[in-house]
Amino acid sequence: MQDIDTLREDLLARIAAAADSAALEQIRVAALGKKGAISELMRGLGQMSPEERKSAGPALNGLKDDVDSAIRAAREALEDALLDARLVSERIDVTLPVLPEARGSIHPVSQVIDEVTEIFAQMGFTVAEGPDIEEDFYNFTALNIPPEHPARQMHDTFYLPERPDGTRRVLRTHTSPVQIRTMLNTKPPLRIIAPGRTFRCDSDQTHTPMFHQIEALVIDESTHMGHLKGCIEAFCRAFFEVDEVKMRFRPSYFPFTEPSAEVDIGCRRDGGELRIGEGDDWLEIMGCGMVHPKVLEHCGVDPAKYQGFAFGMGIDRIAMLKYGAPDLRAFFDSDLRWLRHYGFSSLNVPTLGQGVSR
Ligand code: DAH
């Protein structure tokens, strides 16, 4: 019995002093392993008399249980201490921003609007605006497109519900109504551009129901078609960043200009790449013309004194051309992978001095 008590004290003291689970395991093997001290004593029970065994058996079993549970408790305490230490060293500050680095980027449409605005600002144009939901008068009638005019059909217009007086507003089908609003609000001479959203009921690889245009309007006493051509040519050279741009003006028809033209720029497809400004192919980029005298009259501008030019261009289309995005619908899908690929750094502000694009 004396043996058992001494052994217990010794083992419990060693267990209490064990610094890690490896030391604990050593103690366990030395006491309870096959050749351990307690196991040896257990084996001795066989040689004892029944009398001796009666008292030694329970005492040995008691020792075994005490040592076993002391080891378990010590192991648990060591693991708890280890976990506490880990939790302290791996503490996370949940008040930190989720992503410390800036991830957003500028959409190509916004970038191209900034580029175009920068180019025209250098030529003395200011930016004008109009609403997306427009009166029929500004979108059509004042632009010399009266009710029943066939040009209305070409616009695939979204109409708002009819009002009690029978009139309907529209989602503007082009940025040309900003011409009317500007001429009604400001006395000539005028030199404005108007970028913005436009809407038509149309959707395929190169058309989306919402798209963007930029309108330009110049009104004064001496502007003529030569100025229109020079202005568009200067714009194309700056925008596509080429020294010479092959251009052609094709006679066309718009109710709000006379004469009217569509502008094509020369291009060449080199393998998969589109080269702008040279080559034997043509790409249409805008409609233009001299402002129709009737439009001037609708805005209270005297056509005997004033004249000018206007043009309208699809922003998404020139963004596709310049940055090589093949499907217009992807512009408005909000697919993060697309945005990361085609997006621009917010620090990349277009200036003519630095070059308008990246
Ligand atoms: N508004 C026309 C369209 O969306 C484009 C246009 C053509 C605008 C000629 C103009 C212009 O200012 O002079 O199809």
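Ala, Val, Leu, Ile, Met, Phe, Trp, Tyr, Cys and Pro count here as nonpolar, Asp, Glu, Lys and Arg as charged, and the others, Gly among them, as polar. By that scheme, the ligand's shell holds five nonpolar, eight polar and two charged residues. The model is predicted: local features need pLDDT of at least 70, side-chain atom pairs count only at pLDDT 80 or more, and totals for chains, interfaces and linings use all residues. Residues are numbered from 1 along each chain as its sequence is written, and side-chain values use heavy atoms, with hydrogens and water left out.

**Ligand shell**
- The ligand is surrounded by 15 residues (a heavy atom within 4 Å).
- His174, Ser176, Arg200, Gln213 and Glu215 are the closest.

**Polar contacts (pairs of N or O atoms within 3.5 Å)**
- Glu215 places a side-chain N or O atom 2.6 Å from a ligand oxygen.
- For Arg200, a polar side-chain atom lies 2.9 Å from an oxygen of the ligand.
- For Gln213, the distance from a side-chain N or O atom to a ligand oxygen is 3.0 Å.

**Elements**
- Strand 5 (210–220), strand 9 (281–291) and strand 10 (307–314) each give two or more residues to the shell.

**Overall dimensions**
- The C-alpha trace spans about 135 × 55 × 35 Å along its principal axes.

Terms used:
A polar contact is a pair of N or O atoms within 3.5 Å; within protein, one must be able to donate a hydrogen and the other to accept it, and residues adjacent in sequence count only if both atoms are side-chain atoms. Helices (H or I, at least four residues) and strands (E, at least two) are DSSP runs, numbered from the N terminus.
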